[in-house]
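Thanks, I will keep this short. Please have a look at the chain on the screen, and then I will go through it region by region.

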Amino acid sequence: MELTWYVLLGLFFGTYLVLGGYDYGVGLSLARNTDPGRRRAALNAVGPFFLGNEVWLVAAVGILFGAFPVLEGELLSGFYPAVLGALAGVILVTAGVQLRSRPAHQR
């Protein structure tokens with residue numbers, strides 16, 4: 001049973017890393033790109049998948065909390081600055097993409 005939890009944990013974190021890389025890559029390309037047409041194309045490409053990666057992260061932390069509470073306590077307390085940095089990155093990229101996706105007349 002323990003092997004099943006490890007496999008699920010690895011699958012959820014792996015899926016988060018793949019989808020998160022897609023979201024963060026588009027977010028970073030928006031920061032560097034000045035052409036409005038290319039920005040709109042990037043936002044339209046990421047639109048259907050945006051914020052879907054956070055579901056996998058929440059599920060993985062839920063598995064850590066439920067199946068491996070000692071490991072979760074060690075990870076979150078031992079890597080507190082890294083966890084705060086990752087959380088700040090998620091918030092800033094999400095806010096940046098959502099603010100960039102507004103039409104110009106609503107700003």
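Val83 touches Leu75 and Leu76, leaving out residues up to four places away in sequence; contact here means heavy atoms within 4.5 Å. Val83 lies in helix α5, where helices are DSSP runs of H or I with at least four residues, strands are runs of E with at least two, and both are numbered from the N terminus. With a relative accessible area of 33%, Val83 is partly exposed. On the terms: buried is under 20% relative accessible area, exposed is over 50%, and partly exposed is in between, with a 1.4 Å probe and protein chains only.

Before I go on, the basis. This is a predicted model, in which local features need pLDDT of at least 70 and side-chain atom pairs count only at pLDDT 80 or more, while totals for chains, interfaces and linings use all residues. Residues are numbered from 1 along each chain as its sequence is written, and side-chain values use heavy atoms, with hydrogens and water left out.

Next, helix α4, residues 69–78, where Glu72 is found. Is Glu72 buried or exposed? Glu72 counts as buried, because its relative accessibility is 14%. Apart from neighbours within four places in sequence, Glu72 is in contact with Leu64 and Phe65.

On to helix α3, which covers residues 53–67 and includes Val61. Val61 is partly exposed at 32% relative accessible area. Val58 and Ala95 are 37 residues apart in sequence, and their C-alpha atoms are 19 Å apart in space.

Now helix α2, residues 36–46. Which residues of α2 are buried? They are Ala42, Leu43 and Val46. These three cover an arc of only 95 degrees around the axis, so they sit on the same side of α2; the arc is that of the directions from the helix axis to the C-beta atoms. The buried residues of α2 pack against α1 (2–32) and α5 (80–100). Arg40 is found in helix α2 as well, and is partly exposed, with a relative accessible area of 35%. The C-alpha atoms of Arg40 and Arg100 are separated by 8.9 Å, and the two residues are 60 apart along the chain.

Finally, the chain as a whole. How many helices and strands does the chain have? There are 5 helices and 0 strands, in the sequence pattern α-α-α-α-α. The radius of gyration is 17 Å, well over the 13 Å that the globule rule gives for 107 residues, so the chain is more spread out than a compact globule. That radius is taken over C-alpha atoms, and the rule is 2.2 Å times the number of residues to the power 0.38. Along its principal axes the C-alpha trace spans about 50 × 25 × 20 Å.

Of the 107 residues, 21% count as buried. Among contacts with a separation of 6 or more, 75% come from residues 24 or more positions apart. The chain exposes about 7300 Å², with carbon and sulfur atoms supplying 71% of it; the areas come from the Shrake-Rupley method with a 1.4 Å probe, and for residues only the protein chains shown count as cover.
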